Amino acid sequence: MNPIVDESVTLVRTGSKKRDVEFVVDLHAKTPVEVNRHQLLQILVNLQMNAIHAMNGKGRLTVLTEDWIEGKESVGALIHVIDEGCGISKRNLKRIFDPFFTTKRDGTGLGLSVSQSILSQTGGEIKVQSVEGEGSQFTLYLPNKTDHHLLVSA
């Protein structure tokens with residue numbers, strides 16, 4: 001998964017060269033997860049571009065990965081996309097995953113909705129924490145890769 005995350009950052013960094021964005025990348029996840037490479041890339045690029053827009057093209061964008069541990073067991077991997085942007089109001093926070101909801105003049109309101117839908121198909125999800133005026137953190141929860149060859153039909 002880390003190479004896909006790294007590739008997404010490279011794509012976004014290349015596309016945002018004219019902006020004053022500092023990228024911080026820290027990839028520590030070791031747990032194998034089951035993801036569609038192209039879909040994960042699409043989700044990560046969308047989240048990072050949203051973050052850059054929220055920061056008006058300047059600030060620190062942090063992308064981290066880590067193992068998702070519950071109790072003492074690894075259940076998957078986490079990807080955090082953290083910005084120092086305008087944050088999201090409590091009123092809008094309840095609606096950001098709704099189809100066609102957007103606060104951008106040129107947005108369709110489909111990016112987060114489609115991303116959440118894609119992740120839910122693999123048992124994953126996106127959660128958000130945000131403080132208005134300080135920034136937001138989007139976290140992707142990606143479950144462990146399932147061992148299909150261990151599944152036995154009756």
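Reader: Before anything else, what counts as a strand here?
Author: Strands are DSSP runs of E with at least two residues, numbered from the N terminus. This is a predicted model, and in it Ser 136 lies in strand β5.

Reader: OK, Ser 136 then. Buried or exposed?
Author: Ser 136 has a relative accessible area of 5%. Buried means under 20%, so Ser 136 counts as buried.

Reader: What does its side chain make a polar contact with?
Author: With the side chain of Ser 130, at 2.7 Å. Ser 136 also touches other residues, among them Val 81, Ile 82, Asp 83 and Gly 87.

Reader: Switching topic: how big is the largest pocket?
Author: Its volume is about 610 Å³. There are 28 residues lining the pocket, and the closest to its centre are Asn 50, Ile 88, Thr 103, Lys 104 and Leu 112.

Reader: Which element gives the most to that lining?
Author: That's α2, with six residues. Helix α4 and strand β5 each supply at least two.

Reader: And what kinds of residues are in the lining?
Author: The lining has 15 polar residues, 10 nonpolar and three charged.

Reader: What about the largest nonpolar core, how many residues has it got?
Author: It has 32 residues, and Met 1, Leu 40, Leu 61, Ile 79 and Leu 140 have the most contacts inside it. α2 gives the most to this core, with seven residues.

Reader: Pick Leu 61. What does it touch?
Author: Leaving out residues up to four places away in sequence, the list for Leu 61 includes Val 21, Phe 23, Gln 48, Ala 51, Met 55 and Val 81.

How values were computed:
Residues numbered from 1 in each chain as written. Predicted model: local features only at pLDDT ≥ 70, side-chain atom pairs only at ≥ 80, totals over all residues. Heavy atoms only, no water. 1 Å grid on protein atoms, 1.4 Å probe; cavity = no way out; pocket = protein on both sides within 12 Å on 5 of 7 lines; lining within 4 Å. Points joined across faces, edges and corners; volume = space filled by probe spheres on them. Helix = DSSP H or I, 4+ residues; strand = E, 2+ residues; numbered from the N terminus. Nonpolar A, V, L, I, M, F, W, Y, C, P; charged D, E, K, R; others polar. Core = buried A, V, L, I, M, F, W, Y, C linked by side-chain atoms within 4.5 Å. Buried < 20%, exposed > 50% of the residue type's maximum accessible area, 1.4 Å probe, protein only. Contact = heavy atoms within 4.5 Å. Polar contact = N/O pair within 3.5 Å; in protein donor to acceptor, adjacent residues only side chain to side chain.
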